[in-house]
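Welcome, and please open your viewer. This tour goes stop by stop, telling you what to select next and what is there.

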Amino acid sequence: MLVLLIILLLSVFVVGYVYEAQVETVYASNSIAQYEAYLAARSAVMLGLRDLDLDIIEQQGNPRVDTLYDPWGAFGDPDVLLKENIVPQVNVTKLNQAMMGYTITDEYGKIPLNALIYQETQEPNPLVAMALELLFTYRGAESPLDQPILDWVDGVAGLGMERGATGAEKEYYEALPTPYTAQDRPMDALEQLLLIADMPPDMYFGNREEGILPLGELLTVHGHPEGYVNVYTAPEEVLTAYADAVSAITGATVDIYGLLNERRDMGQSVRFQARDDLVRNGMISVPEPWQPQSELDPRPGSQQSLGLPVVINPFTVSSNVFRIRGFGVAAGGDAKAIIDCFVFRDAGGAQDRFRILDWRVVQ
């Protein structure tokens, strides 16, 4: 009996050891595969940086113009490119036994949420706020979403817990069943939209099968600090919202359909090489007086309204911030990794041309 008992105990120990060894082996294998996918995604981001650098090299001596026909633009988000009648290029590459790929998106082609507020005065930027309101309206929002976003990014604390025309302030969020506090400063990540009052998840994530782009392709927290958008890279929804906002606030009119047709047919040629070309060529008809401004002027053609500057021509043709999304898949497809890298590109810098603004890993 004693021998049988000892054999039983030894059997339990052996089975437990074998099981633990198998688990550790699988765990180690998964860790290796995950790390392999991460390295592939990171390498894909480096290829994206190479394309952004090649774009500068090819434009040496020429005006700074960024379009979807540039070297980096061919690897943009497929849904955005197809809407612009541009066939996406396949950029999947092997790295040892893993696969990697990447897309590049112009953040200056999106509505910049952090430009909703003039940071110096904490007053709303009326044109950007109106464009955001119109974008949500055209998307069928059941309740106004622009004001809660304004309250989230401004630095003014709310005075009460009631919600109404003023949106939602700190007290509202702290009174929820699962309380949290409002940001009350510029947004760090676009995902914070899911924390904002009345933001429906289906509005945020979109529906690619029905051709509804996610908000990540239309809004950004890394856009132009004054609220400009690039006419050559912005999706049609963004351009339409901006054009209607310009007409409603400043009285200027924007030939949005002419602008879309022009950029879709331009091929490798670029018609507008400066912001003021849009006015000179009649794409934007502005009220008098109009003074052409330098491309370096932060607020070209601005007028005073209610003591705040209102930009008549909120469009640009060049960009500085891009999102490189690197994809990595380990051998066998058992592990995947995605890296979002938001990078500032200084076209005039001989060294340190790129500055990483944000680096996010999804595994």
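Predicted model: local features only at pLDDT ≥ 70, side-chain atom pairs only at ≥ 80, totals over all residues.

**Stop 1: the whole chain**

Begin with everything displayed. The chain has 9 helices and 15 strands. Of its 363 residues, 46% count as buried. The accessible surface comes to about 18300 Å², and carbon and sulfur atoms account for 57% of that. Now consider the contacts between residues at least 6 apart in sequence: 64% of them join residues at least 24 apart.

**Stop 2: helix H4**

Select residues 146–153, which make up helix H4. Is this helix largely enclosed or largely open? It is largely enclosed by the rest of the structure, because 7 of its 8 residues are buried. To see them, pick Asp-146, Pro-148, Ile-149, Leu-150, Asp-151, Trp-152 and Val-153.

What covers these buried residues? The cover includes strand E4 (117–118), strand E5 (123–124), H3 and helix H5 (170–174). Show those elements together with H4 to look at this cover.

**Stop 3: the open sheet**

Next, colour the strands E1, E2, E13, E14 and E15. These 5 strands form an open sheet in the order E1-E2-E13-E14-E15, with antiparallel pairing. At its edges are strand E1 (93–95) and strand E15 (354–362), each of which pairs on one side only. On average, and with direction ignored, neighbouring strands in this sheet are turned by 25° against each other. As background, strands of a sheet pair through backbone hydrogen bonds, in either a parallel or an antiparallel way.

Move on to strand E2 (residues 98–106), which pairs with E13 in the antiparallel sense over 8 bridges. Along this pairing, select Gly-101 and you will find Phe-327 of E13 opposite.

On to E13 and E14, which pair in the antiparallel sense over 9 bridges. Two partners to click on here are Gly-326, whose bridge partner in E14 is Ile-339, and Ile-324, whose bridge partner in E14 is Cys-341. E13 and E14 form a hairpin with 6 residues between them. In the turn, stop at Gly-332, which has a positive phi of about 90°.

**Stop 4: salt bridges**

Now show side chains. Side chains of opposite charge can pair when their charged atoms come close. In this model the count comes to 12 salt bridges.

Start with Arg-345 and Asp-66, whose side chains meet in a salt bridge with an N to O distance of 2.8 Å. Arg-345 lies in strand E14 (residues 336–345) and Asp-66 in the loop between helix H1 (2–58) and helix H2 (78–83), so this pair ties together parts that are 279 residues apart in sequence. Both Arg-345 and Asp-66 are buried.

Next, select Glu-237 and Arg-139, which form a salt bridge with their closest N and O atoms 2.9 Å apart. Glu-237 sits in helix H7 (residues 236–250), while Arg-139 is in the loop between helix H3 (126–138) and helix H4, and this pair links parts of the chain 98 residues apart. Are the two partners buried or partly exposed? Glu-237 is partly exposed, with a relative accessible area of 26%, whereas Arg-139 counts as buried at 17%.

Arg-323 lies in strand E13 (residues 321–329) and Glu-217 in the loop between helix H6 (201–205) and strand E6 (219–220), so the pair ties together parts that are 106 residues apart in sequence. Arg-323 counts as buried at 4% relative accessibility, and Glu-217 counts as buried at 3%.

**Stop 5: a nonpolar patch**

Finally, switch to a surface display. Which residues form a nonpolar patch on the surface? Select Leu-2, Leu-5, Ile-6, Leu-8, Leu-9, Leu-10, Val-12 and Phe-13, which together have about 810 Å² of accessible area.

Key: Residues numbered from 1 in each chain as written. Heavy atoms only, no water. Salt bridge = Lys/Arg side-chain N within 4 Å of Asp/Glu carboxyl O. Helix = DSSP H or I, 4+ residues; strand = E, 2+ residues; numbered from the N terminus. Buried < 20%, exposed > 50% of the residue type's maximum accessible area, 1.4 Å probe, protein only. Patch = residues over 30% accessible without salt bridge, like charges linked within 9 Å, V, L, I, M, F, W, Y side chains within 5 Å. Areas by Shrake-Rupley, 256 points an atom, 1.4 Å probe, with all protein chains shown as cover. Pairing = 2+ DSSP bridges. Axes fitted to C-alpha atoms, helices over the stretch in contact; angles between N-to-C directions. Contact = heavy atoms within 4.5 Å.
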